[in-house]
Amino acid sequence: WEQVHLDVDDLYQDLALRLVLAVDAYRTDKGPFHPYLRDQLLEELLRNKEIRKITPWGRRLLPGETICL
């Protein structure tokens with residue numbers, strides 16, 4: 001996760017919010033809660049990873065672009 005410059009506090013806050021929203025949106029007809037919650041949190045982790053692909057100088061990476069440090 002360090003490679004995409006994730007701030008741990010921001011990530012924790014995003015996951016906590018996703019947890020609250022998942023609990024609120026959960027319906028028993030969606031199946032057991034544990035797999036539903038796991039999928040919701042994994043989706044949030046992947047979303048965070050994608051939106052935070054930012055270079056050290058604050059510019060988003062273009063598709064296929066890499067950082068040479």
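**Entry 1. Contacts and overall make-up**

I began with contacts across the chain. Of the contacts in the protein with a separation of 6 or more, 48% are between residues 24 or more positions apart. I note here that the model is predicted. I then looked up the secondary structure and found 2 helices and 0 strands. Helix H1 covers residues 8-25 and helix H2 covers residues 33-51, with Arg 18 in H1 and Glu 43 in H2.

**Entry 2. Surface and burial**

**Entry 3. Salt bridges**

How many salt bridges are there? I counted 3 salt bridges. I took them one at a time.

I started with Arg 18 and Glu 43, whose closest N and O atoms are 2.9 Å apart in a salt bridge. Arg 18 lies in helix H1 and Glu 43 in helix H2, so this pair ties together parts 25 residues apart in sequence.

I then turned to Glu 44, which also forms a salt bridge with Arg 18, with the closest N and O atoms 2.8 Å apart. Glu 44 lies in helix H2 and Arg 18 in helix H1, so the pair links parts that are 26 residues apart in sequence.

The remaining entry on my list was Asp 39 with Arg 38, a salt bridge in which the closest N and O atoms are 3.3 Å apart.

**Entry 4. Accessibility of the partners**

Is Arg 18 buried or exposed? I read a relative accessibility of 14% for Arg 18; the cut-off for buried is under 20%, so Arg 18 counts as buried. Glu 44 is buried as well, with a relative accessible area of 4%. Glu 43 has 45% relative accessibility and counts as partly exposed. The salt bridge between Arg 18 and Glu 44 therefore has a buried residue at Arg 18 and a buried residue at Glu 44. In the salt bridge between Arg 18 and Glu 43, Arg 18 is buried, whereas Glu 43 is partly exposed.

I finished with the Asp 39 and Arg 38 pair. Asp 39 is partly exposed, at 41% relative accessibility. Arg 38 is partly exposed too, at 46%.

Definitions and conventions:
Residues are numbered from 1 along each chain as its sequence is written. This is a predicted model: local features need pLDDT of at least 70, side-chain atom pairs count only at pLDDT 80 or more; totals for chains, interfaces and linings use all residues. Side-chain values use heavy atoms; hydrogens and water are left out. A salt bridge is a side-chain nitrogen of Lys or Arg within 4 Å of a carboxyl oxygen of Asp or Glu. Helices (H or I, at least four residues) and strands (E, at least two) are DSSP runs, numbered from the N terminus. Buried means under 20% relative accessible area, exposed over 50%, partly exposed in between (1.4 Å probe, protein chains only). Contact means heavy atoms within 4.5 Å.
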